[in-house]
Amino acid sequence: MIKHLRSAADLDAATATLILDTAAEMAALSGREVKKLPALRGRTVVNLFYEDSTRTRISFEAAAKRLSADVINFSAKGSSVSKGESLKDTALTLQAMGADAVVIRHSASGAPHRLANWVDGSVVNAGDGTHEHPTQALLDAYTMRSRLGRLDGLKVAIVGDVLHSRVARSNVLLLTTLGADVTLVGPPTLIPLDVAAALSKSTKVSYDLDSVLPDSDVVMMLRVQTERMQDSYFPSAREYSRRYGLDMPRMRKLPEHAVVMHPGPMNRGMEIAPEVADSPRSTIVEQVANGVSVRMAVLYLLLGGK
Amino acid sequence: MAYLLKGVSILGAAPTDLYINDGVISAPVPDAEVIDAAGLVALPGLVDVHTHLREPGREDAETVETGSRAAALGGYTAVCAMANTSPVADTAGVVEQVWRLGREAGLVDVQPIGAVTVGLAGKQMAELGAMASSAADVRIFSDDGFCVADPKLMRRALEYVKAFDGVIAQHAEEPRLTEGAQMHEGEVSTRLGLTGWPAVAEEAIIARDVLLAEHVGSRLHVCHVSTAGSVEVLRQAKARGVRVTAEVTPHHLLLTDERAEGYDPVFKVNPPLRTRSDVEALRQALLDGVIDVVATDHAPHAVQDKECEWSYARPGMLGLETALPIVLSVFGPKWDLIADRMSIAPARIAGLDGHGGDLTKAGTPANLTLVDPSVQRVVDPAELASISRNTPYAGMTLPGRIVATFLRGEATVLDGKAVK
């Protein structure tokens, strides 16, 4: 088993599949009256969050607790260079406290890689800057597999601000490793020119959402921040929504079986219409539930739980 | 003191005896101290047109003295100290302070570069004439670290320095195209999720500036050229007769953006490491003379400024002590090329008359360095004379050892060690 999960590229197909299969076992547990496993009793998991992310933090916290680990939440928001302590000093502190795993969320891309130099325990990337968010990709893959029964050959459209999206990067890497066909859709300003060469050769790019939808099994809408508008990535929120938002008429272009995903938090009415988000095709609430199972599997396997 | 360099090879020529007396290359003199120079190559003392010595302001990273020592150990006899100190070298007072510190250290000639604009802020021209008339005799002006982005101000600066044969050394970086930039924009930046620094941000400024220099008939020097596209812009400008010179750093001749993969900020530098094809174009341009000189952009940084997240780290890497070995490893023992690009041409650009002279002629100021090209050495950051440790070459085996360096006939380095 790998020691750290810093990037979805750390996962080969066998390892990724093992995590998904283990997550399925963990999910079965959640139906039981007593949801706890003793697997990580006596182990310490630190949630080191330099950015606010309540949903990701509580998901990891629930996962670690269900495995009976001791959980320490370390909120370091606003810390780092300008004030407070350096990442290295924080790492050495966690190391001295005997952290077996550090789950890190950080606004700087690559922070988990740096952290891994300074701690002996496992490092789990819970989102770093505009780089990656590998457990999000795992829970997305898990959700697709449970809804559609397979990943190999699945046609997945990822729509929106690919340039700044850690979710998109991790999903492209993981889904192509698992045999899915990924098409990235968005305005050219938000799709890096060399994205296929950078991430996975088989990745396709389209600037036309309407032409991609009829042939998609999964459409994953990314959160688009309205501040991008100020930086001339697109002219206005309304224009973005008209060209790349998933509304009801567009959703009807999808095949019958296709599902709609969103990593959250959503901008209802911007990249996704409320009726779409709340439709039976939407997996958005399932994604949250699956997040706990997948993160349990990741912690369990990285820490060699028995 | 007189020296006899016995059996030395001047620029790779047949072994000969070279006498140094009274600060110059001389005819044979009695009682000279003999240095066995068999197997050693003599080069005119290297000249760096782009060095950051950090004093005043960041003496925890480097001082004029420690940087001078690093320079001498790297075979340099003159370095041009960039203006981005604290306070900025934008007045006669600061450039004279740096110049005086250089004289006191006495290991290399420290030639201060003056800022183009007050505080490097890009708004108001600094008192360039006062710096030129000062004891420091400033001729190169640069806001390095920042681009003189305002085209009108750049035009005026280019024109103004004609009065005292100055040159503007431009850090070519269109700031609007590099907001938040962390590394070269390309496949690797896309994979790593780091904001890209597109090649066009450099090329657009160089294209603009060669046109401005042509328009006003001034001299322009382009700092740290890093892209194949910039080379093409320069090639065309030179073919038209524009008075432009350009430098390339050792790291841009050797390293590529793939080094960023582990997020180790020792590889973070501005302009960033580029791609293999850029490296190839830069090498060819240096061979062709489209790029005139190798300049180190020696940029010491304190440990805490590099031992952090990539995005928070300061850009820059050490260069003085490894420049010649890197150039040797890239080009091999092309001694005439090395002497021209690392000594003669930079001395000419900086107007440093005593440097880059002909070592075969009696009377030439004895600014020279002796290299043993047969030695391969592993770069150990702990052994560097610089206060800082941010070398990207740690653990690399590089050819060439600087055995001795002479500044106006006085040894600054002997047997590979600084004399003071």
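Student: Which residues does A:Leu299 touch, leaving out residues up to four places away in sequence?
Tutor: In this predicted model, A:Leu299 touches A:Leu40, A:Val45, A:Ala63, A:Ala64, A:Leu67 and A:Ala101.

Student: What makes the set around A:Leu299 a nonpolar core?
Tutor: A core of this kind joins buried residues of types such as Ala, Val, Leu, Ile and Phe through C-beta atoms within 7 Å. The largest one has 237 residues. Those with the most contacts inside it are A:Val102, A:Ile158, A:Val219, A:Leu299, B:Ala42 and B:Phe141.

Student: How do you know where this core lies relative to the domains of chain A?
Tutor: Domain 1 (8-132 + 288-302) and domain 2 (134-287) of chain A both give residues to the core, so it lies between them.

Student: How far apart are the two domains of chain A, and what forms the contact?
Tutor: Their C-alpha centres lie 25 Å apart. The contact takes 26 residues from domain 1 of chain A and 21 residues from domain 2 of chain A. On the domain 1 side, α1 (13-30), β4 (122-128) and α13 (284-302) of chain A each supply at least two residues. The largest share of that side, seven residues, comes from α13(A).

Student: Why is helix α1 (residues 64-73) of chain B called mostly covered?
Tutor: A residue is buried if 20 or more other C-beta atoms lie within 10 Å of its own. In α1 of chain B, ten of its ten residues pass that test, so the helix is called mostly covered. Among them are B:Glu65 and B:Arg69, as well as B:Val64 and B:Leu73.

Student: What follows α1(B)?
Tutor: B:Gly75 follows α1(B), and its phi is positive, near 95°.

Student: How do you know whether chain B is as compact as a globular protein of its length?
Tutor: Chain B comes to eleven helices and 19 strands. Its radius of gyration is 20 Å, close to the 22 Å that the globule rule gives for 420 residues, so chain B is as compact as a globular protein of that length.

Student: What share of chain B is buried, and what share of its contacts joins residues 24 or more positions apart?
Tutor: Buried residues make up 60% of the 420 residues in chain B. Of the contacts in chain B with a separation of 6 or more, 75% are between residues 24 or more positions apart.

Notes:
Residues are numbered from 1 along each chain as its sequence is written. Chains are lettered from A and ligands numbered from 1 in the order in which they are written. This is a predicted model: local features need pLDDT of at least 70, side-chain atom pairs count only at pLDDT 80 or more; totals for chains, interfaces and linings use all residues. A residue is buried if 20 or more other C-beta atoms lie within 10 Å of its own, exposed if 12 or fewer, and partly exposed in between; C-beta atoms are placed from the backbone. Domain bounds come from an automatic or database domain assignment. Two residues are in contact if their C-beta atoms, placed from the backbone, lie within 7 Å. Helices (H or I, at least four residues) and strands (E, at least two) are DSSP runs, numbered from the N terminus. The radius of gyration is taken over C-alpha atoms; the globule rule is 2.2 Å times the number of residues to the power 0.38.
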